[in-house]
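This report walks through one protein model.

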Amino acid sequence: MQEEKISLVWLKRDLRLSDHEPIFRAIEAGLPVFIFYSFEPDITMSADWSEFHESFIYDSLLDMELRLRDLNKRLYVFEEAIEDLIVKLEQKFQIQNVFSHQEVGNAISYERDLRMKDFFQYRNINWTECELNGVMRGLKNRKSWNSKFLAKLKVRDYDFDLAALNTVNLSNYEMAQMLLEFKNLSFRQIKPFLKIDFSQVLHGGETLAKAFMRSFFEGRFQNYNKHISKPSLAQESCSRLAPYLSWGNLSLKQVFNAYQCKYNASEDSWEKRNLSAFKSRLFWRSHFIQKFETESEMEFQNQNPAFNYIRTEDNHELIESFENGMTGFPLVDASMRCLRATGYINFRMRAMLASFFTHILWQDWRCISDYLASVFLDYEPGIHYPQLQMQAGTTGVNTIRIYNPFLQCERQDPDALFVRKWIPELQDTPTELIHRVRKPGEQLLFFKNYLDPIVDYESSYRRAKEDLWAVKNSPEAKYYKQKILDTHVQSAK
Ligand SMILES: Cc1cc2nc3c(=O)[nH]c(=O)nc-3n(C[C@H](O)[C@H](O)[C@H](O)COP(=O)(O)OP(=O)(O)OC[C@H]3O[C@@H](n4cnc5c(N)ncnc54)[C@H](O)[C@@H]3O)c2cc1C
């Protein structure tokens with residue numbers, strides 16, 4: 001029997017050192033704390049994972065480690081299944097408690113958590129899971145969700161004095177004795193924090209997250225509503241806080257509190273409108289994650305089963321062209337190329353991409369969900385799957401929108417600057433031609449360096465419209481629609 005009793009803090013999508021309930025509870029428990037993150041092979045080998053995520057997580061862990069190291073405290077990073085890690089730690093320690101956040105993740109992390117529940121129970125280890133993002137486990141429907149959620153935003157912050165955190169500090173020799181191969185984060189170059197470059201991939205970490213949040217409330221939000229749908233301008237005028245929220249560099253409450261302070265201090269109605277629009281989206285965030293928590297089958301199945309019998313043939317050529325930004329549709333290709341290079345594209349373009357893939361290319365949303373997840377730096381399963389299904393029209397409860405990528409280009413990129421930035425082949429093409437619907441085989445001189453459209457837009461649009469509305473108006477779709485509304489729509493307050 002090992003003598004030294006410890007608590008574990010298992011980091012997940014909560015990579016920060018403030019407003020962190022598991023660390024707070026571990027300090028309260030009074031035992032030395034072993035804080036760790038593990039790049040679990042089951043998760044990092046799944047198709048929705050990518051280097052975007054990995055690099056952001058490294059940045060975040062490095063930021064935490066540097067702050068802890070200054071206080072002579074340690075954080076451990078592994079590449080192991082959690083069960084294997086625990087077994088190795090048990091050679092030396094008596095693990096009394098594990099503190100973590102509840103994860104509303106993909107099926108792999110959900111099944112891992114079910115296994116871990118039995119695993120900890122069998123070993124007599126107390127596992128405390130704290131709520132994240134105000135999302136509640138075990139709700140059968142969302143009838144009273146709104147008021148419960150708002151109440152959670154008023155709860156105290158779980159802040160703590162870092163000096164009070166008594167971490168387990170093992171030497172490399174002791175780690176080797178336990179066969180624990182940890183990742184040394186320090187080999188990675190320290191990033192030039194606070195130097196924000198909007199043209200590249202955002203770096204992770206709580207320090208940078210807070211700087212980003214400040215820069216938004218200090219000025220960037222002024223054009224939030226005006227620029228939100230414009231692919232170039234949204235990069236600066238939107239908050240860009242999504243990856244920091246998804247990987248937990250910021251808590252929802254920290255962002256909400258910063259919003260509230262700014263809103264209360266402002267006397268300008270224009271500012272208040274921008275801030276309110278931002279707040280709505282922050283709430284949608286938890287709304288979608290809660291929806292997914294209640295109905296996680298959405299990762300694999302159409303929310304409304306009446307849509308199961310459309311889009312039954314996968315066309316790998318179309319899928320590949322779409323993924324590579326090579327469809328011959330300028331705004332679609334520019335958005336995809338931007339996403340692949342930076343991990344970011346604004347909401348309207350994401351909606352247009354999903355709409356184009358499912359309606360115009362007539363491909364099933366499941367053929368693109370992993371790929372899009374892997375290139376979204378802010379990948380959050382609880383938003384990703386419900387949004388994707390909403391845009392694909394398979395929820396049966398939302399308005400079906402088939403975006404016209406040429407019209408969107410004219411409205412959201414009027415001078416085609418965004419398109420030309422990402423498609424150098426169109427450098428010399430007149431703007432009005434970029435905005436005009438082009439048919440396959442037209443062979444226009446100004447498009448000689450660019451691709452022919454891979455499908456005919458107008459006939460694809462007509463087919464999608466007819467087929468989608470036929471299903472949406474069917475008795476089966478209406479029956480399932482009512483069931484979905486009964487589960488997810490809140491009663492009037
Ligand atoms: C098909 C599709 C997939 C998406 N997948 C993700 C995802 O994996 N992760 C993710 O964070 N967002 C996702 N979104 C929502 C949205 O596009 C991004 O949250 C937003 O573009 C991020 O930029 P921002 O931080 O500047 O947002 P802002 O406009 O500044 O919004 C503030 C915050 O609100 C939340 N938010 C914004 N828009 C939405 C929305 N429509 N639904 C729910 N929450 C929202 C985000 O956390 C965001 O950081 C998806 C949208 C679509 C259409």
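## Conventions

Helices (H or I, at least four residues) and strands (E, at least two) are DSSP runs, numbered from the N terminus. Residue numbers start from 1 along each chain as its sequence is written. This is a predicted model, in which local features need pLDDT of at least 70, side-chain atom pairs count only at pLDDT 80 or more, and totals for chains, interfaces and linings use all residues.

## Confidence

pLDDT is the predictor's confidence in each residue, from 0 to 100. Its mean over the protein is 92. A value of 70 or more is reached by 96% of the residues.

Over residues 189-199, pLDDT stays under 50. The model has nine contacts beyond four places in sequence for this stretch. Two residues are in contact if their C-beta atoms, placed from the backbone, lie within 7 Å.

## Overall fold

The protein has 23 helices and five strands. Its C-alpha atoms fill a box of roughly 75 × 50 × 50 Å, taken along the principal axes.

Of the 493 residues, 42% count as buried. A residue is buried if 20 or more other C-beta atoms lie within 10 Å of its own, exposed if 12 or fewer, and partly exposed in between, with C-beta atoms placed from the backbone. Among contacts with a separation of 6 or more, 80% join residues 24 or more positions apart.

## Domains

The protein is divided into domain 1 (1-132), domain 2 (206-291) and domain 3 (297-488). These bounds come from an automatic or database domain assignment. The C-alpha centres of domain 2 and domain 3 lie 26 Å apart.

Domain 2 puts 14 residues in contact with 19 residues of domain 3. On the domain 2 side, H11 and H13 each supply at least two residues. H13 gives the most, with four residues. By class, this side has eight nonpolar, three polar and three charged residues. Ala, Val, Leu, Ile, Met, Phe, Trp, Tyr, Cys and Pro count as nonpolar, Asp, Glu, Lys and Arg as charged, and the others, Gly among them, as polar.

## Ligand shell

Domain 2 and domain 3 both give residues to the shell around the ligand, so the ligand lies between them. There are 27 residues around the ligand, and Cys238, Ser239, Ala242, Arg281 and Phe347 come nearest. A residue is near a molecule or strand if its C-beta atom, placed from the backbone, lies within 6 Å of it.

Helices H11 (242-246), H13 (269-294), H16 (347-360) and H18 (381-392) each supply at least two shell residues. H13 has the largest share, six residues. By class, the shell has 15 nonpolar, six polar and six charged residues.

## Single residues

Asn72 lies in the loop between helix H3 (51-70) and strand E3 (75-78). Asn72 is not a glycine, yet its phi is positive, about 60°. Asn72 is exposed, with 8 other C-beta atoms within 10 Å.

Asn124 lies in the loop between H5 and strand E5 (126-130). Its phi is also positive, near 65°. Asn124 counts as exposed, with 9 C-beta neighbours inside 10 Å.

Ala107 is found in helix H5 (residues 107-122). Ala107 is partly exposed, with 13 other C-beta atoms within 10 Å. Ala107 and Arg69 are 38 residues apart in sequence and 35 Å apart in space, C-alpha to C-alpha.
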